[in-house]
Every structure is written in structure tokens, then in C-alpha cells.
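Q: I would like to learn how to read disulfides and helix packing from a set of coordinates. Can we work through a case?

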Amino acid sequence: MRHCFGLGVLVSLLWCGLSPAFAATQLHAARSASGLQEVAKGSDAEVRTFEPSSNVGHVFSLDRADGSGRYAFDNFSIAHEPRAYRPDVGALDFVYHNQEEMTRYLRETVARYPNLTALYSIGKSAQGRDLWVLVVSASPYEHMLGKPDVKYIGNIHGNEAVGRELLLHLIQYLVSSYSSDPYIKWLLDNTRIHILPSLNPDGYAASKEGTCDGGQGRYNSRGFDLNRNFPDYFKQNNKRSQPETEAVKDWISKIQFVLSGSLHGGALVVSYPYDNTPNAIFHSYMSQPSLTPDDDVFKHLSLTYANNHGKMSRGVACKTASPSFENGITNGAAWYPLTGGMQDFNYVWHGCMEVTLEVSCCKFPPAYELRKYWDDNQLSLIKFLAEAHRGVQGFVVDPTGNPVERAQLKIKGRDIGFTTTKYGEFWRVLLPGVYKLEVYADGYVPKDVDFMVVEQHPTLLNVTLQPSKRTTPNLVQQYPAPSINKQPTLDTVAALPTGAGLPSVEPDRGTVQFPDSGAGGASTRQPPVQRPTLVEAPVAHDAVGKQDRLIFTV
């Protein structure tokens with residue numbers, strides 16, 4: 001708790017993944033066909049009406065790529081269809097797991113599901129305990145070109161233990177459902193999910209089950225609050241950096257995460273950046289909001305979690321003296337400001353949209369209540385991750401089709417920037433609308449690109465940068481990388497005819513050895529702020545029926 005490229009690669013990459021809306025359609029159809037909706041009649045299942053986190057159209061249709069007709073999807077009926085999820089117990093009991101037991105479970109999961117999981121440590125705690133991360137994905141050991149990395153972090157405060165167990169159960173649910181649940185299969189086929197169940201294992205070891213309040217075990221073994229230990233956007237943070245926070249900083253400098261959630265306890269709310277404000281003199285409850293340039297996106301992400309939660313969106317206070325939160329969400333600084341928080345660091349320094357998920361009123365409730373918390377949070381944990389596939393994604397390349405690494409990007413009017421990976425990839429979560437992307441890279445002419453984001457599917461955008469006449473030496477380490485764009489570049493979009501066939505050209509598919517996912521760069525870079533034709537694009541659909549996207553090539 002918050003404590004007092006060219007057209008060829010564009011089309012050939014369409015198979016990379018489904019949009020959340022399209023995948024939800026497949027899930028509904030598959031479950032209806034198989035009779036899985038009948039679990040709602042069982043005594044163990046809870047039926048909840050899925051409330052959409054944003055407005056969606058009633059019906060939309062798309063041309064089939066082979067010209068044989070049109071796809072038509074009824075978003076309204078799907079969004080309001082009662083959803084029933086029977087909690088998956090599998091081989092994991094609803095009990096608390098100490099470091100040894102958690103390690104054993106993670107290793108056994110990798111041994112049991114070697115094609116879906118990989119285990120690595122990002123470092124050690126102050127007392128020498130491993131900070132384990134489990135990757136769950138159809139490609140756990142190799143970066144999937146054009147597909148995002150996302151993460152969950154639990155137990156940053158050692159005595160807030162529910163999130164730690166929720167993440168273990170999320171791992172169990174994902175790996176055990178891959179072969180039977182179309183939605184989970186889509187998610188793992190198109191996303192690399194990194195799960196760090198416990199960032200503060202030393203604090204957990206000092207905590208006590210059944211303790212709802214207080215600070216015993218909150219801090220690491222050296223007495224530092226890890227969620228006050230990161231560099232801060234508004235104020236200098238003079239607290240001595242701890243091994244746990246150094247491990248996280250190094251980790252997110254190597255993997256370009258698109259979306260993240262940090263699980264806490266002691267309240268029932270989603271808190272979003274900024275956590276701090278330039279005007280805060282002392283910490284107090286109910287301060288003024290401190291809004292990011294992406295406030296609309298952060299509110300959407302927060303509502304996605306809260307609306308899919310069993311109780312959170314009701315905004316009920318945990319205690320009489322505690323604040324209530326409208327719709328179950330709050331701006332962090334409006335709740336109360338803090339310096340050195342992890343979510344602000346993720347967003348400002350690395351362009352990763354992280355929110356804080358307060359998942360339990362009691363910080364360390366009795367183990368017999370864990371199943372209730374899993375029931376409340378299971379759908380939220382899954383739906384939140386799928387939001388990484390909303391907005392715009394693509395590649396930045398040079399005229400020969402080679403990726404431009406560490407190009408700096410910014411959405412005009414939103415002064416927090418982001419960068420490309422070593423393969424020239426980028427992602428940005430955005431809501432429907434028209435935007436301008438500003439792209440800058442050392443040695444290249446800056447470029448502005450107008451593009452559109454729609455509700456039903458992500459926009460795929462390739463940007464080709466032209467070399468400037470005078471180039472400065474590139475001091476960034478160069479990595480071998482695949483050629484992203486083998487096609488001639490276009491200054492404008494060439495409209496594809498409806499039903500156009502897909503090119504047979506396949507891009508060279510490069511891989512990165514785990515755990516490096518192609519980000520590169522130092523762990524303490526400042527957020528890029530740089531300066532450097534609305535183009536119309538058709539909706540294209542691939543022949544195997546895996547993705548519908550707007551395509552822009554500039």
C-alpha cells in the first residue's frame with residue numbers, strides 16, 4: 001500500500017497477433033460452442049457482467065483478405081455477455097509460500113511447461129535472496145519480433161503479501177489454460193509476460209500472517225522503503241539506492257516493457273501516475289492531482305482493472321476513516337504525494353506505463369481468504385495485460401531497411417517520450433483518435449507522421465528516416481539485427497485494394513537470447529523530449545484470420 005519499414009514487412013507481420021477486441025470475440029464464440037458458459041450454473045463459479053472500460057461501437061465489419069465476404073462482430077453483445085471464470089487451483093494451494101517454497105514452485109513450473117516458461121533472477125536482495133522472474137509466453141526464451149513485453153511486480157512492500165500469491169496463481173492459470181482457452185492462447189502467442197512475484201523477499205520473511213496494518217516487514221532488511229527508492233521526476237531523491245531497486249533499474253533498461261502493474265495491499269484501488277508533484281511540501285491525504293500527458297490512457301488502464309475486478313469499481317472505503325475512490329481509481333498524488341515511486345520511474349525514464357494495484361484491504365490476511373482474492377482479481381489481471389495491444393506499434397528503419405536503434409519518439413502534445421529497441425521496434429498505448437508521432441535519431445532527418453488509432457485493433461506504423469547530410473559519431477553500441485524492411489520505402493501510403501493478397505516476402509526473423517528483449521541502453525537515461533501527412537490507410541486482414549490492423553508506411 002502507499003503508506004503514512006516498407007509495406008512488405010508490414011503485411012507479413014500482420015500475423016503477429018490479434019487485437020483484444022478480436023480475441024475476445026473468438027473467446028466468446030469458442031466458449032459458447034463448447035458449452036463453457038454452463039460453468040455459471042456451478043456452485044463454485046461467480047457470474048459477473050463484464051463492463052467495458054471504454055466506449056465501443058455496436059457492430060463493426062471488415063473485408064476478408066481473400067475477397068470472399070466480410071467479418072462482422074457485435075461488440076455490444078460480447079461486452080455485456082456474462083463472463084464466468086472458475087478459479088484454477090491446479091497444483092498450487094491457496095497458502096502462503098516462503099522463498100524456498102516459491103522457488104521450488106517456479107522451478108517445477110518451468111520443468112512442467114518448458115515451452116511456455118523460463119525462469120531467471122534479476123539480482124539478489126540485501127540478504128542474498130534471489131529476485132525471481134518467470135516469463136510466460138509461447139516464446140519464453142527469445143524476443144518475438146514486433147510483440148510487446150509486459151510485467152507484473154509483487155510484494156515490493158514485504159508485508160503486503162496477497163499480490164505475491166496472486167502472481168503465483170496467475171502463472172498457474174496461464175500455463176494450465178494455454179491449450180484450452182483461446183483468449184489465453186492469443187495472449188501468450190502475442191505477448192511476453194514477465195512476472196516477479198516478490199521484489200522484497202527479505203521484508204516478507206520478517207512479516208506475519210494475519211497482520212492487516214502496521215509496518216513490520218514493509219521495508220527491506222536495511223530499513224528502506226523500496227517504493228521510495230527510485231529516481232524522481234520532480235525532486236532529487238537522496239536515499240541510498242538499494243540492491244532490489246538497482247536490480248529493477250537494470251532489468252527495465254534491458255527489456256523495453258510496454259505495460260506494467262505493481263501489486264500492493266492495504267487498500268482497494270488502482271493508483272496511476274504521477275505519484276509526486278512539484279508543489280508538495282509535505283505528505284498529506286487528498287492533495288491536488290498531478291496529471292501526466294497520458295492521463296487519458298492511465299485512467300483507461302486503471303478502469304480496465306477496476307471494472308473487471310469483483311469489487312474495486314464500487315469505490316467502497318476499506319475503513320470508515322479511509323478515503324473512498326470514485327470508480328475504484330485515483331491519481332497517485334491526489335491520494336497523497338510521494339517521492340521515489342516505482343511507477344513514475346517506469347513511465348518517465350523508460351516510457352513504460354505502470355500503475356499501482358492495491359488489491360486487498362488487509363495487507364497480510366489469513367491464508368484461507370486467498371481464494372477470495374484470486375476470484376476477485378483473476379479477470380482483471382488478464383484483461384489489463386491485453387491492453388498492451390491497444391494503440392500504435394511499428395518499426396523505425398533507414399532507407400535500406402535496417403532498424404534504427406534508440407530512435408527517440410514522442411506523441412505531439414505528450415512530452416514524455418519513448419525509444420525504439422535494437423530492432424527498431426516501438427509500442428505506445430493510446431486511445432482512439434488522430435495523433436502526430438515525432439521521430440528523431442542521431443544522424444537522421446527528424447520526421448513527423450500523422451496516424452490514426454481505432455478501438456477495434458492496433459495501428460501498425462512503419463517510419464523510414466532519411467540520413468542527414470552531416471552525421472555525428474554514433475556512440476551507442478551496435479548490435480547485429482535483422483533487416484526489417486526489404487521493400488522500397490514510400491513517402492505516402494499506397495492504398496491496398498480491398499481483398500488484396502499478401503506478399504510472399506518474409507522478413508528475416510531475428511531473435512535475442514533471453515532475457516534481453518532488445519531494449520539496450522543505460523539504466524538512468526533522461527526522458528527524451530525532441531522535435532524533429534494525415535495519410536489514409538485501408539484496413540487489411542491476413543488470409544489466416546489472425547489480425548486486423550490499420551497500416552501506415554511513411
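A: We can start with one cysteine of this predicted model. Cys-361 counts as partly exposed because its relative accessibility is 30%, and buried would need a value under 20%.

Q: Which cysteine is joined to Cys-361 by a disulfide?

A: Cys-318 is the partner, with an S to S distance of 2.0 Å. The link of Cys-318 and Cys-361 is left-handed, with -75 degrees about the S-S bond. Cys-318 lies in the loop between helix H9 and strand E11, and Cys-361 in the loop between E12 and H12, 43 residues apart. Cys-318 is partly exposed too, at 27% relative accessibility.

Q: How many disulfides does a search of the whole structure find?

A: The search finds two. Cys-212 and Cys-362 form a disulfide with their sulfur atoms 2.0 Å apart. This link is left-handed, at -90 degrees about the S-S bond. The two cysteines are 150 residues apart, Cys-212 in the loop between H7 and H8 and Cys-362 in the loop between E12 and H12. Cys-362 is buried at 8% relative accessibility, whereas Cys-212 is partly exposed at 31%.

Q: Which pattern do the disulfides follow along the chain?

A: Counting bonded cysteines along the chain, the pattern is 1-4, 2-3.

Q: What describes two packed helices?

A: The angle between their axes and the distance between the axes. Here the axes of H8 and H11 come within 11 Å and cross at roughly 35 degrees. Val-248, Lys-249, Ile-252 and Ser-253 of H8 make the contact with Met-342, Phe-345, Asn-346 and His-350 of H11. By class, this contact has four nonpolar, three polar and one charged residues.

Methods. Residues are numbered from 1 along each chain as its sequence is written. This is a predicted model: local features need pLDDT of at least 70, side-chain atom pairs count only at pLDDT 80 or more; totals for chains, interfaces and linings use all residues. Side-chain values use heavy atoms; hydrogens and water are left out. Axes are lines fitted to C-alpha atoms, for helices over the stretch in contact, and angles run from 0 to 180 degrees between N-to-C directions. Helices (H or I, at least four residues) and strands (E, at least two) are DSSP runs, numbered from the N terminus. Contact means heavy atoms within 4.5 Å. Ala, Val, Leu, Ile, Met, Phe, Trp, Tyr, Cys and Pro count as nonpolar, Asp, Glu, Lys and Arg as charged, and the others, Gly among them, as polar. A disulfide is a pair of cysteine sulfur atoms within 2.5 Å. Buried means under 20% relative accessible area, exposed over 50%, partly exposed in between (1.4 Å probe, protein chains only).
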